[in-house]
2 protein chains.
Amino acid sequence: MTETQIKIIEAAEVEFAKNGFNGASIRDITSAAGVNVAAINYHFGNKDDLVREVVRYRIEPINLTRIQLLQDEYAKRKGNAIPLKRVIEIIIRPLFEALMSESCDDFHFMKVMAKGLGEENSVLQSLHDDILKDVISRFSKAIGHSLGTEDPRTIGYCMHLISSSVLGSMMQHKRLKLSSQGTADLEDVEGLIAHVVTFITGGIKAVSVMNR
Amino acid sequence: MTETQIKIIEAAEVEFAKNGFNGASIRDITSAAGVNVAAINYHFGNKDDLVREVVRYRIEPINLTRIQLLQDEYAKRKGNAIPLKRVIEIIIRPLFEALMSESCDDFHFMKVMAKGLGEENSVLQSLHDDILKDVISRFSKAIGHSLGTEDPRTIGYCMHLISSSVLGSMMQHKRLKLSSQGTADLEDVEGLIAHVVTFITGGIKAVSVMNR
DNA sequence: GTTTGATTCAAACAATCGTTTTAAACAGAT
DNA sequence: ATCTGTTTAAAACGATTGTTTGAATCAAAC
């Protein structure tokens, strides 16, 4: 990964977040990155491949962390079920901490991911399956284990509701300050994680009880 | 509202849902609607104004229903607090029933709204505030009432988590079938409403307890 | 039957899109 | 110093974008 490629990826992240994948032009990105227009096609092939690289660049370390934490937790408990809240936290924390870190000071990538996953027939659709398939399968099992169920419909709905909440809260994050009438601090990662984890855990438990 | 305008709005809804606001071109929309390219600019001024009309066309009746149901419920209870689950259902049901009705057979508008709300600096941003301000204010009060709190931070986080879940589940709806390994029926509106309402209610209660 | 105003049409507008091309600049190895 | 392979530069490519134009079409009013 050369210096130019990284400059492009990080500029693309910002531009994609501002205007979406279709809205951000190659010229927007290259001029923001301070490189030539042809650089994207030279280094990444085409725009779609750049999109893929931008996502992969951010999301792969996050998913590796998630899987590692899940394995650690299982090892600690000698394979016994992990409390639901802890599983949810393992899903949420690496994502939010990474995306709200110093390097991307306006949560650009949050919006990039959210928009990408929302676009149908998008280049991200296939990538999403590639990148998330493994992590979804692992956490489906873990959550079923925590809830003491193997009913695929219940687990499926739970996974769906979890990813929906995560996706939504990523997209809506900027609006949190408005919703709370200025009382919520957008930079308060711990506060956000605590609320989202508590919310999802409570919701999942309710759904689990309903389907029992 | 002439016949042509309605044809355009309903075709635009489909095209926007498929490719997003930037992705759907004027020519895509007009040819799908069976009208001339110039019709959009003639009837709506420009593309941005069309976007606004598409959203307003769907969302206003939904919000009127929500407000009516809330008032009815308060009248029935002579102004006493409404159970949280009922408030959540009043938020969810009119939206999901309208958006999953026969007229838009592939939940197009779900995706339109979700994408629109996710776009920053978009034409929907201001519209969102205009259209949703009243309904948000009313339901903030109702939820605070149900939870027995007036803490703006708690209520704000709750509203944020509710809208996040709704937004996310709208965007992810197509993926529900995958998540549940084919066991969830995408057409099962009642099932979806039941799960989402239960999930959100459980989540909000947990957050409320946490902040007590 | 003619006129009027509203609507539709094909065609063209300038601007921008993603991409390609060709040459220049650069590095390190021989 | 010359060659080699990689990276950058400016310019242009055809296609498509949102929008505008001016004539054609239509229904209703007089």
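1. In this predicted model, helix 10 (residues 189-210) of chain A and helix 10 (residues 189-210) of chain B have axes that come within 7 Å and cross at roughly 130°. The two helices are therefore oblique to each other, an angle over 145 degrees being required for roughly antiparallel. The crossing of helix 10 of chain A past helix 10 of chain B is right-handed.

2. On the chain A side, the residues making this contact include A:Ala194, A:His195, A:Thr198, A:Phe199, A:Gly202 and A:Gly203. Chain B contributes, among them, B:Ile200, B:Ile204, B:Ala206, B:Val207 and B:Met210. By class, the residues of the contact between helix 10 of chain A and helix 10 of chain B divide into 14 nonpolar, 8 polar and no charged.

3. Chain A is superposed on chain B by a rotation of 180° with 0.0 Å of shift along its axis, at an RMSD of 0.1 Å. The two copies are thus related as by a two-fold rotation axis. Of the interface residues of chain A, 100% are also interface residues in chain B, so the copies meet through the same surface.

4. A:Lys78 is not a glycine, yet has a positive phi of about 55°. A:Lys78 lies in the loop between helix 4 (47-76) and helix 5 (84-99) of chain A, and is exposed, with a relative accessible area of 74%.

5. In chain B, B:Lys78 likewise has a positive phi of about 55° without being a glycine. B:Lys78 is located in the loop between helix 4 (47-76) and helix 5 (84-99) of chain B. Its relative accessibility of 75% places B:Lys78 in the exposed class.

Conventions: Residues numbered from 1 in each chain as written. Chains lettered and ligands numbered in written order. Predicted model: local features only at pLDDT ≥ 70, side-chain atom pairs only at ≥ 80, totals over all residues. Heavy atoms only, no water. Least-squares fit on C-alpha atoms with pLDDT ≥ 70 in both. Contact = heavy atoms within 4.5 Å. Axes fitted to C-alpha atoms, helices over the stretch in contact; angles between N-to-C directions. Helix = DSSP H or I, 4+ residues; strand = E, 2+ residues; numbered from the N terminus. Parallel < 35°, antiparallel > 145°, perpendicular 65-115°, else oblique. Left-handed = near helix turned anticlockwise from the far one by under 90°. Nonpolar A, V, L, I, M, F, W, Y, C, P; charged D, E, K, R; others polar. Buried < 20%, exposed > 50% of the residue type's maximum accessible area, 1.4 Å probe, protein only.
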